[in-house]
Amino acid sequence: MAFNPEYCPKCGKVLVPKKGVLFCKRCNYEKPKTANASFISKTEQKKSEMPILEGNIQLLPTTNAKCPECGNNVAYWEMKQTRAADESPTRFLTCTKCGFRWRRYE
Ligand SMILES: [Zn+2]
Ligand SMILES: [Zn+2]
């Protein structure tokens with residue numbers, strides 16, 4: 001069986017299994033083994049025309065953005081083109097933790 005190593009998101013060292021978590025020896029980062037794959041990085045750029053899915057927000061891609069409400073670092077995002085053609089699209093962000101919504105201009 002092939003061992004598929006996971007790497008520490010903080011320092012890049014290979015994580016080692018320890019009591020149900022993956023553990024970084026260098027910086028003590030711990031990651032639960034059963035972490036759900038909520039990070040979508042490859043498809044993030046292409047899905048700019050994703051429809052707004054109210055009440056079904058789990059399907060939206062996530063990005064690294066700091067929530068102004070709770071300080072969480074992951075948010076769902078969706079792109080909306082404003083009516084004025086000379087305005088740049090607006091990125092709407094929704095905190096994965098507390099659900100707070102805010103917008104960011106690109
Ligand atoms: Zn580390
Ligand atoms: Zn939040």
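Analyst: This is a predicted model, in which local features need pLDDT of at least 70 and side-chain atom pairs count only at pLDDT 80 or more, while totals for chains, interfaces and linings use all residues. Residues are numbered from 1 along each chain as its sequence is written, and chains are lettered from A and ligands numbered from 1 in the order in which they are written.

User: What share of the contacts in the protein with a separation of 6 or more comes from residues 24 or more positions apart?

Analyst: That share is 19%. A contact requires C-beta atoms, placed from the backbone, to lie within 7 Å.

User: Which pattern does the protein follow along the sequence?

Analyst: The pattern is β-β-β-β-β-β-β, with seven strands and zero helices. Both are DSSP runs numbered from the N terminus: helices are H or I of at least four residues, strands E of at least two.

User: Why is lysine 19 called exposed?

Analyst: A residue is exposed if 12 or fewer other C-beta atoms, placed from the backbone, lie within 10 Å of its own, buried if 20 or more do, and partly exposed in between. Lysine 19 has 7 such neighbours and therefore counts as exposed. Lysine 19 lies in the loop between β1 (16–18) and β2 (21–23).

User: Why does asparagine 28 count as exposed?

Analyst: Asparagine 28 has 10 other C-beta atoms within 10 Å, so it is exposed. Its place is the loop between β2 and β3 (30–32).

User: What percentage of the 106 residues count as buried?

Analyst: In the protein, 8% count as buried.

Terms used
Contact = placed C-beta atoms within 7 Å.
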